Amino acid sequence: MTAAANQSGRRPTSRRLERAGIRDVAAAAGVSITTVSDALNGKGRLPDETRSRVREVAERLGYRPSAAARTLRTGRSGLIGLTVTTYGEEPFTFTEFAYFAEMARAATSAALSRGYALVVLPASSRHDVWSNIALDGTVVIDPPDQDPLVGELYRSGVPVVSDGKPGNCPVTAWVDNDHEAAVLDILDHLSEAGARRIGLLTGTSTDTYTRLSTEAYLGWCHRVGQEPVYEAYPAHDPAAGSVAADRLLARPDRPDAVYGLFDPNGTDLLAAARRYGLRVPDDLLLVCCSESDVYAGTEPPITTLSLKPRRIGTTVVNLLIDAIEGVDPGTGADASRLFPPRFRTAGTGPPPGTLMPTELIVRASSQRRRGPRTTVSPPRPPGEEHSRPAAPRGKV
């Protein structure tokens with residue numbers, strides 16, 4: 001109490017409102033405390049009308065179960081983790097990339113809707129962050145082969161759901177796109193637009209997204225009789241993508257179309273094309289995988305592949321919470337509602353998986369215009385773009 005309050009004779013008032021408890025909800029709904037607990041936790045054999053009434057009353061009173069009480073009652077903390085282990089010990093701020101940011105936002109909303117909080121954690125740290133947080137389960141994005149973190153979580157009995165096919169990692173369930181089909185669709189799209197030598201910008205990591213996408217490209221090249229034209233770089237290093245784009249367009253067998261697997265590849269390739277005097281799409285067709293809307297405003301707008309991260313984020317969290325709460329992964333109502341059966345795998349062996357559709361957003365960069373082509377300069381090293389005049393823009 002302050003001196004001013006003493007002198008005025010006023011009593012200080014607290015702005016903190018009384019928090020409704022489970023007994024208040026039970027009294028207002030006219031049911032027992034056990035019924036309230038069962039209704040809010042999805043347990044017991046209650047009529048749907050009773051369950052709905054209890055939830056409405058709890059919402060009206062602003063009742064929220066105590067985290068400490070829930071931990072004592074269920075043995076669960078109400079916390080689930082989210083991490084990217086693709087690049088191991090390498091520093092990687094994954095929320096700076098549109099895919100991961102969209103996925104994390106959707107995962108956070110899905111967790112909160114089911115009474116859990118999402119904790120974003122590093123794959124590794126100087127401090128032992130993982131042991132200081134009691135997690136009920138973890139979502140791991142694109143784990144590499146023999147991922148030590150996934151193995152440790154498995155040995156600790158912590159459920160793990162992966163965003164990405166897990167390879168040989170012991171996960172409870174997984175969600176992924178059909179990357180092979182997506183890459184083949186892009187290659188066919190570029191071929192139909194007139195491309196005769198299609199290149200690829202890919203990564204050096206061992207996660208299934210990178211591996212399956214690259215294998216799909218190599219298989220397509222073998223099938224159509226084209227020599228592969230690709231460059232690989234460590235995708236966690238933003239500067240390496242620009243260097244790889246320059247390498248690809250400086251090759252003597254320079255491609256006339258390129259698909260980039262990672263978010264920055266569109267702008268990296270567009271900049272490299274300008275350095276070499278190539279016009280997009282007349283001389284070089286471009287597609288990249290990205291969730292960023294920046295590509296709708298580039299000159300020209302760049303065609304992008306969307307992996308639908310919001311749907312994936314929602315689904316991995318629901319599968320993880322199903323596993324935490326003892327529901328068979330992949331059989332819950334949420335997963336069935338979000339994804340038609342044709343997008344689900346049919347295998348019976350563990351771990352169960354869900355395949356999601358992708359979307360190719362076609363823009364000007366992958367649609368070759370009709371009309372005269374231009375004469376372009378031969379490849380030259382970066383930095384020499386101002387040392388000689390630009391190629392004439394007349395007819396060949």
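How close do the axes of helix H2 and helix H4 come, and at roughly what angle do they cross? In this predicted model, the axes of H2 (residues 22-29) and H4 (residues 48-61) come within 9 Å and cross at roughly 125 degrees.

- The crossing in which H2 passes H4 is right-handed.
- On the H2 side of this contact stand Asp24, Val25, Ala28 and Ala29, and they meet Arg53, Val54, Val57, Ala58 and Leu61 of H4.
- Sorted by class, the contact of H2 with H4 holds 7 nonpolar and 2 charged residues, with no polar residue among them.
- H2 also meets helix H3 (residues 33-41), and here the two axes come within 8 Å and cross at roughly 100 degrees.
- Since angles of 65 to 115 degrees count as roughly perpendicular, H2 is roughly perpendicular to H3.
- The residues of H2 that take part in the contact with H3 are Ile22, Arg23, Val25 and Ala26, which meet Ile33, Val36 and Ser37 in H3.
- This contact of H2 with H3 is made up of 5 nonpolar residues, 1 polar residue and 1 charged residue.
- Val25 of H2 is listed in the contact with H4, and Val25 is also listed in the contact with H3.

**Helix H6 against helix H12**

- The axes of H6 and helix H12 (residues 309-324) come within 7 Å of each other and cross at roughly 40 degrees, an angle that makes H6 oblique to H12.
- H6 passes H12 in a crossing that is right-handed.
- From H6, the residues Tyr99, Glu102, Met103, Ala106, Ala107, Ala110 and Ala111 take part, and they meet Pro309, Arg310, Ile312, Gly313, Thr314, Val316, Val317 and Ile321 of H12.
- By class, the residues of the contact of H6 with H12 comprise 11 nonpolar, 2 polar and 2 charged.

**The cavity**

- When the whole structure is searched, 1 cavity of 30 Å³ or more is found, and the space in this largest cavity comes to about 390 Å³.
- The lining of the largest cavity consists of 31 residues, of which Tyr99, Phe100, Tyr209, Leu261 and Phe262 are the closest to its centre.
- Tyr99, named there among the residues closest to the centre, is also one of the H6 residues that meet H12.
- At least two lining residues come from each of helix H6 (98-113), strand S5 (173-177), helix H9 (208-224) and helix H10 (238-250), and H6 gives the most, with 3 residues.
- The lining of the largest cavity divides by class into 16 nonpolar, 7 polar and 8 charged residues.

**Loop between strands S9 and S10**

- Ser292 has its place in the loop between strand S9 (285-289) and strand S10 (303-306), and Pro300 lies in the loop between S9 and S10 as well.
- Apart from neighbours within four places in sequence, Ser292 is in contact with Ala98 and Asp263.
- Although Ser292 and Asp263 are 29 residues apart along the chain, their C-alpha atoms are separated by 7.7 Å.
- The peptide bond that joins Glu299 and Pro300 is cis, with omega about 0 degrees.

**Other backbone features in loops**

- A further cis peptide bond joins Val280 and Pro281, and its omega is about 10 degrees.
- Pro281 is found in the loop between helix H11 (265-275) and S9.

Technical notes
Residues are numbered from 1 along each chain as its sequence is written. This is a predicted model: local features need pLDDT of at least 70, side-chain atom pairs count only at pLDDT 80 or more; totals for chains, interfaces and linings use all residues. Side-chain values use heavy atoms; hydrogens and water are left out. On a 1 Å grid over the protein atoms alone, a cavity is a set of points where a 1.4 Å probe fits but cannot get out, and a pocket is an open set with protein on both sides within 12 Å along at least five of seven lines; lining residues have an atom within 4 Å of a point. Grid points are joined across faces, edges and corners, and a volume is the space filled by probe spheres set on the points. Helices (H or I, at least four residues) and strands (E, at least two) are DSSP runs, numbered from the N terminus. Ala, Val, Leu, Ile, Met, Phe, Trp, Tyr, Cys and Pro count as nonpolar, Asp, Glu, Lys and Arg as charged, and the others, Gly among them, as polar. Axes are lines fitted to C-alpha atoms, for helices over the stretch in contact, and angles run from 0 to 180 degrees between N-to-C directions. Angles under 35 degrees count as roughly parallel, over 145 as roughly antiparallel, 65 to 115 as roughly perpendicular and the rest as oblique. A crossing is left-handed if the near helix is turned anticlockwise from the far one by less than a right angle, and right-handed if clockwise. Contact means heavy atoms within 4.5 Å.
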